[in-house]
Amino acid sequence: MTSPQTPRPPFPPFTLETAKQKVRLAEDGWNSCDPAKVSLAYSIDSVWRNRAEFLTGRAEIVQFLTRKWKSELDYRLIKELWAFHENRIAVRFAYEWHDDSGNWYRSYGNENWEFTPDGLMARRFACINDLPIKQSERKYFWPLGRRPDDHPSLSDLRL
């Protein structure tokens, strides 16, 4: 079992390769839709701004993600590295989901991350916009869970 502060490689300062690895690990975690598992990538006292919500600590992160994935159904996410420097990474992302009425959305956003020396995310700031789409406009069709390695990236999809 992972302890509350188990180090999470790769560690800062990031290189291009380790920053890309960190982004993919985050994407894989979020695509699991497992709030408890995802929360372990964050420091115990991690601070978030997600849209207009402000969270502090893993317990609030777990509550937030539990609520999120109860309303954002069939969630599939792609993240892409935008920039990095020392212990910070910026990503852009897009995810597809539908509500309980069958209305589909593609949510676009940017995140800024700051990491502790042991690789845990201490701060996460996310700006997100939701675009209603038709089911026929969907671009993400892999089985729920990890995005296959051969699936197109955001840039490949021109998103």
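The structure is a predicted model, in which local features need pLDDT of at least 70, side-chain atom pairs count only at pLDDT 80 or more, and totals for chains, interfaces and linings use all residues. Residues are numbered from 1 along each chain as its sequence is written, and side-chain values use heavy atoms, with hydrogens and water left out.

The protein has four helices and six strands. Helices (H or I, at least four residues) and strands (E, at least two) are DSSP runs, numbered from the N terminus. Read from the N terminus on, the order of elements is α-α-β-β-α-β-β-β-β-α.

In overall dimensions, the C-alpha trace spans about 45 × 30 × 30 Å along its principal axes. The radius of gyration is 15 Å, which agrees with the value near 15 Å that a compact globule of 159 residues would have. That radius is taken over C-alpha atoms, and the globule rule is 2.2 Å times the number of residues to the power 0.38. Of the 159 residues, 48% count as buried. Here buried means under 20% relative accessible area, exposed means over 50%, and partly exposed lies in between (1.4 Å probe, protein chains only). Among contacts (heavy atoms within 4.5 Å) between residues at least 6 apart in sequence, 57% join residues at least 24 apart.

The strands come next. Two strands pair if DSSP finds at least two bridges between them. Strand 1 (residues 42–50) runs parallel to strand 6 (residues 121–133), and five bridges join the two. In this pairing, asparagine 50 stands opposite alanine 126 of strand 6. Strand 1 also pairs with strand 2 (residues 53–56), in the antiparallel sense and over four bridges. Strand 1 and strand 2 form a hairpin with two residues between them, and arginine 51 in the turn has a positive phi of about 55°.

Side chains of opposite charge can pair when their charged atoms come close. A salt bridge is counted when a side-chain nitrogen of Lys or Arg lies within 4 Å of a carboxyl oxygen of Asp or Glu. A search of the whole structure finds 16 salt bridges.

One of them joins glutamate 96 and arginine 106, at 2.9 Å from N to O. Glutamate 96 lies in strand 4 (residues 88–98) and arginine 106 in strand 5 (residues 104–115), so the pair ties together parts that are 10 residues apart in sequence. Glutamate 96 is buried, with a relative accessible area of 1%, and arginine 106 is buried too, at 4%.

Another salt bridge sits within a helix. Aspartate 28 and arginine 24 both belong to helix 1 (residues 16–32) and are four residues apart, about one turn of the helix. Their closest N and O atoms are 2.8 Å apart, and both residues are buried.

Arginine 146 and aspartate 149 also meet in a salt bridge, at 2.8 Å from N to O. Arginine 146 counts as partly exposed, at 44% relative accessibility, while aspartate 149 is exposed, with a relative accessible area of 61%. A network of salt bridges links Arg24, Glu27, Asp28, Arg146, Arg147 and Asp149.
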